[in-house]
Amino acid sequence: MMLLFKKNFLTKLVLLGGNFWKIIKGGLKVIGADIAGGLSGASLGGELDKGSGGHTCEISFGIVGAVAASAAKAIEEFQTNDTIPKLPVDQPKSFSSNETGSIIGEAHNEIMEKLFNMYGEGEVTTISEERLHQDVLRLTREYLGTDLEKCDNAMLQVISQRTAEIKRSLANLSDEETVAYLRNCGYAKKEDLKLIADYLVKIQSIQDLDLRKQYISGYMKLIKKATISENSKRVVLEGTSTAVNSLMLWERAH
């Protein structure tokens with residue numbers, strides 16, 4: 001059934017694009033960290049949500065995980081490449097949850113921009129990991145308007161450990177190897193990860209913003225109608241929301 005869904009999806013939404021690997025030079029590892037970190041955090045939060053009937057921790061931990069991993073990986077790339085791109089101020093910065101089906105991606109972009117504006121160019125490469133994660137947690141609390149009391153020091157330590165694992169896993173990977181890592185990172189079911197990784201490859205190839213918007217809106221609708229579990233639908237939309245919005249953020253860095 002999943003194969004039939006994917007075949008129908010590709011038939012309906014094939015759009016012309018450029019080279020898959022042209023848009024971001026060396027930046028795909030940062031986007032990969034965004035996605036893996038978000039999925040990792042969401043899975044941790046989902047365990048805390050069990051029995052509550054809601055998904056509050058899944059969403060909030062997904063945001064914390066995405067920003068923590070991507071910020072840490074970005075700083076590592078800045079140090080390695082001896083460059084600090086400025087985050088963009090031009091619109092549009094991100095696609096909304098109404099377009100992507102999840103708040104995690106747009107929250108990631110807003111918090112990431114606040115984080116790097118707060119540090120400034122001279123300080124960003126010297127931030128300690130402990131301060132980085134505390135700042136990410138504080139900004140996420142402010143963004144969501146909640147105290148995130150379940151994200152205590154023990155849980156933040158787990159997120160920190162996962163961030164370190166993601167950074168190590170992505171070290172020295174090519175763009176193609178980064179996509180292969182996402183397909184097998186283990187933070188969601190394999191079939192869900194494959195959909196997310198394929199989405200990242202496709203969305204990179206669509207450089208026209210209007211066509212990109214058509215694609216992501218169509219994708220969200222098809223996922224919501226797909227004959228997969230509700231949990232898989234959430235996971236795929238969380239991952240793809242992070243993918244496209246991270247792409248929007250970093251491809252405009254200068």
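Helices α2 and α11 cross in a right-handed sense. The contact is made by residues of both helices, including Ile31 and Leu39 of α2 and Thr242 and Trp250 of α11. The model shown here is predicted. The protein contains 11 helices and zero strands.

**The α2–α11 pair**
- Two packed helices are described by the angle between their axes and the distance between the axes.
- Helix α2 covers residues 28-49, and helix α11 covers residues 230-250.
- Their axes lie 9 Å apart and meet at an angle of about 150 degrees.
- Angles over 145 degrees count as roughly antiparallel, so α2 and α11 are roughly antiparallel to each other.
- From α2, the contact is made by Val30, Ile31, Asp34, Ile35, Leu39 and Ala42.
- From α11, the contact is made by Val235, Glu238, Gly239, Thr242, Ala243, Ser246, Leu247 and Trp250.

**Overall fold**
- Along the sequence, the pattern reads α-α-α-α-α-α-α-α-α-α-α.
- Among contacts in the protein with a separation of 6 or more, 76% join residues 24 or more positions apart.

**Burial and surface**
- The protein has 254 residues, and 53% of them count as buried.
- The accessible surface of the protein is about 11,500 Å².
- Carbon and sulfur atoms account for 52% of that surface.

**Cysteines**
- The structure has zero disulfides.
- Buried means under 20% relative accessible area.
- Cysteine 57 therefore counts as buried, at 8% relative accessibility.
- Cysteine 185 also counts as buried, because its relative accessibility is 14%.

Note on methods
Residues are numbered from 1 along each chain as its sequence is written. This is a predicted model: local features need pLDDT of at least 70, side-chain atom pairs count only at pLDDT 80 or more; totals for chains, interfaces and linings use all residues. Side-chain values use heavy atoms; hydrogens and water are left out. A disulfide is a pair of cysteine sulfur atoms within 2.5 Å. Buried means under 20% relative accessible area, exposed over 50%, partly exposed in between (1.4 Å probe, protein chains only). Helices (H or I, at least four residues) and strands (E, at least two) are DSSP runs, numbered from the N terminus. Contact means heavy atoms within 4.5 Å. Accessible areas come from the Shrake-Rupley method with a 1.4 Å probe; for residues, only the protein chains shown count as cover. Axes are lines fitted to C-alpha atoms, for helices over the stretch in contact, and angles run from 0 to 180 degrees between N-to-C directions. Angles under 35 degrees count as roughly parallel, over 145 as roughly antiparallel, 65 to 115 as roughly perpendicular and the rest as oblique. A crossing is left-handed if the near helix is turned anticlockwise from the far one by less than a right angle, and right-handed if clockwise.
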